[in-house]
Amino acid sequence: MPTKRTPPWDGLLIDCRLATLTANGEPYGAIQQGAIGWKDGLIAYAGPLADLPDRPAALAARVESAGNAWITPGLVDCHTHLVFGGNRAPEFERRLQGESYEAIARAGGGIVSTVRATRALDEDALYAASLPRLRALIADGVTTIEIKSGYGLDVESETKMLRVARRLGTEHGIDVRTTFLGAHALPPEYAGRGDDYIDLVCNDMLPAVAAEGLADTVDAFCEGIGFSPAQTRRVFERARALGLPVKLHADQLSDLGGAALVAEYGGLSADHIEYTSEDGVRAMARAGTVAVLLPGAFHCLRETKLPPIDALRAHGVPMAVATDLNPGTSPLGSLRLAMALACTHFRLTPEEALRGATMHAARALGLADRGTLAAGQRADFVLWSIDHPAELAYWLGGQLVRGVWAGGRRLVP
Ligand code: NIG
Ligand code: FE
């Protein structure tokens with residue numbers, strides 16, 4: 001019988017410490033003398049070097065020593081608005097003078113000012129404006145990014161944003177998941193006609209977005225300065241009819257029952273949730289809806305109401321952490337910094353923050369193929385210059401990344 005020859009792996013890193021985040025009984029799912037091998041974009045092995053299977057195939061690969069450095073799963077930023085025109089530094093100055101985010105929004109600033117700047121850019125200009133933000137996230141360890149529309153607010157501009165988001169992913173070897181957020185704010189041409197605008201979202205925008213396959217998910221801003229629960233429900237009904245999963249900007253500035261509403265629709269995630277009640281948390285637990293914590297917005301708005309972290313823990317709701325990168329409430333281009341803010345402001349442990357920026361974030365996007373280091377998962381991982389995984393949430397800024405791989409391809413350096 002001829003021996004069956006297994007084709008070689010595409011790469012193998014040895015002499016590394018792995019934060020696998022799998023349930024192996026160790027903090028961080030750690031493995032001290034580890035190895036990670038990959039093939040065809042997937043992890044072929046992540047475990048102790050001593051147990052490396054399939055040695056001929058493994059060792060035929062390009063073997064590199066990681067010099068005892070730590071490797072984690074690639075970070076997943078599951079909530080961003082990184083495609084936009086302009087910036088809102090003048091609004092930042094106004095808020096520092098004492099004007100509130102809500103008051104500025106009601107006076108025609110806020111989100112709507114970014115809508116003007118975003119509409120004014122053609123697709124190439126919008127792409128060019130957004131690219132540095134994508135690059136910054138990748139350089140700090142992100143391998144999957146969710147990007148929302150919501151600064152176009154008409155059919156043409158919303159689809160433009162989503163096309164730019166898709167293109168950012170395909171041209172940079174990184175997985176971009178897109179979310180349609182037409183119900184983000186009321187555009188000026190619909191002032192005082194919220195229900196008519198929701199007609200436009202449901203009858204024109206959503207079908208156009210679905211027909212072009214431009215969105216993986218549908219989101220809305222359910223808030224006093226956004227849309228009511230009844231209007232949000234209409235968007236969710238239409239998304240459901242089109243077969244698109246939903247998520248929600250829920251209970252950020254007040255408790256409108258947003259978390260329970262999105263849970264009722266089996267939503268992937270309820271995001272922000274500072275004002276969510278324990279009933280809302282229970283509904284999320286029942287539905288398997290992930291809590292997406294956005295400490296960047298909390299920080300920038302000088303918010304004092306904390307999300308119900310203890311209740312989320314008590315009810316076993318997975319907590320994700322994301323940047324919410326946007327020009328208004330969270331001009332934050334580092335998911336590691338979001339992890340640090342989640343620890344300081346929300347008292348997450350560094351391990352919860354890392355799980356929140358990997359495995360739970362993946363789940364908030366409905367993705368089961370990433371977020372841990374295990375055979376069969378996508379070969380998305382990061383090599384770090386640290387001595388302990390808690391450092392990822394400890395250092396504010398700085399350059400910790402030594403290498404980023406996405407789908408088995410080296411993206412950084
Ligand atoms: O997630 N809350 C609504 N949406 C964004 C803010 C967008 C903006 O102000 O431009 C958020 O915080
Ligand atoms: Fe947001």
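Modeller: Domain bounds here come from an automatic or database domain assignment. Keep in mind that this is a predicted model. The assignment divides the chain into domain 1 (9-73 + 372-412) and domain 2 (75-365). Taken over C-alpha atoms, the centres of domain 1 and domain 2 are 30 Å apart.

Biologist: How do you know that domain 1 and domain 2 are in contact?

Modeller: Contact means heavy atoms within 4.5 Å. By that cut-off, 28 residues of domain 1 touch 22 residues of domain 2.

Biologist: What area do domain 1 and domain 2 bury between them?

Modeller: The size of an interface is often given as the accessible area lost when the parts come together. Here the two domains bury about 1900 Å² between them. Carbon and sulfur atoms hold 64% of that area. Of the area that domain 1 buries against domain 2, Leu21, Tyr28 and Ala393 supply 28%, more than any other three residues.

Biologist: Let us turn to rings. How many aromatic pairs are there by the rule?

Modeller: The count is nine aromatic pairs. Take phenylalanine 236 and tyrosine 265 as one case.

Biologist: Why is the pair of phenylalanine 236 and tyrosine 265 called edge-to-face?

Modeller: Two tests apply. Ring centres must lie within 6.5 Å, and planes over 60 degrees apart count as edge-to-face. These centres are 5.3 Å apart and the planes are at 65°, so the pair is edge-to-face. Phenylalanine 236 lies in helix H8 (residues 229-241). Tyrosine 265 is in the loop between helix H9 (258-264) and strand E11 (269-272). Elsewhere, ring pairs join Trp38, Phe381 and Trp405 into a cluster.

Biologist: What sits over the ring of phenylalanine 84?

Modeller: The charged end of arginine 133, 3.5 Å from the ring centre. Lysine 305 lies over the face of tyrosine 275, 5.5 Å from the ring centre. The distance cut-off is 6 Å.

Biologist: Why does arginine 116 count as partly exposed?

Modeller: Buried means under 20% and exposed means over 50%. Arginine 116 has 48% relative accessibility, so it counts as partly exposed. Arginine 116 belongs to helix H4 (residues 111-119).

Technical notes:
Residues are numbered from 1 along each chain as its sequence is written. Chains are lettered from A and ligands numbered from 1 in the order in which they are written. This is a predicted model: local features need pLDDT of at least 70, side-chain atom pairs count only at pLDDT 80 or more; totals for chains, interfaces and linings use all residues. Side-chain values use heavy atoms; hydrogens and water are left out. Rings of Phe, Tyr and Trp (its six-membered ring) pair if their centres lie within 6.5 Å; planes under 30 degrees apart count as stacked, over 60 as edge-to-face and the rest as tilted. Helices (H or I, at least four residues) and strands (E, at least two) are DSSP runs, numbered from the N terminus. A charge sits over a ring if NZ of Lys or CZ of Arg is within 6 Å of the ring centre and within 35 degrees of the ring normal. Buried area is the accessible area (1.4 Å probe) that two parts lose on being put together, summed over both. Buried means under 20% relative accessible area, exposed over 50%, partly exposed in between (1.4 Å probe, protein chains only).
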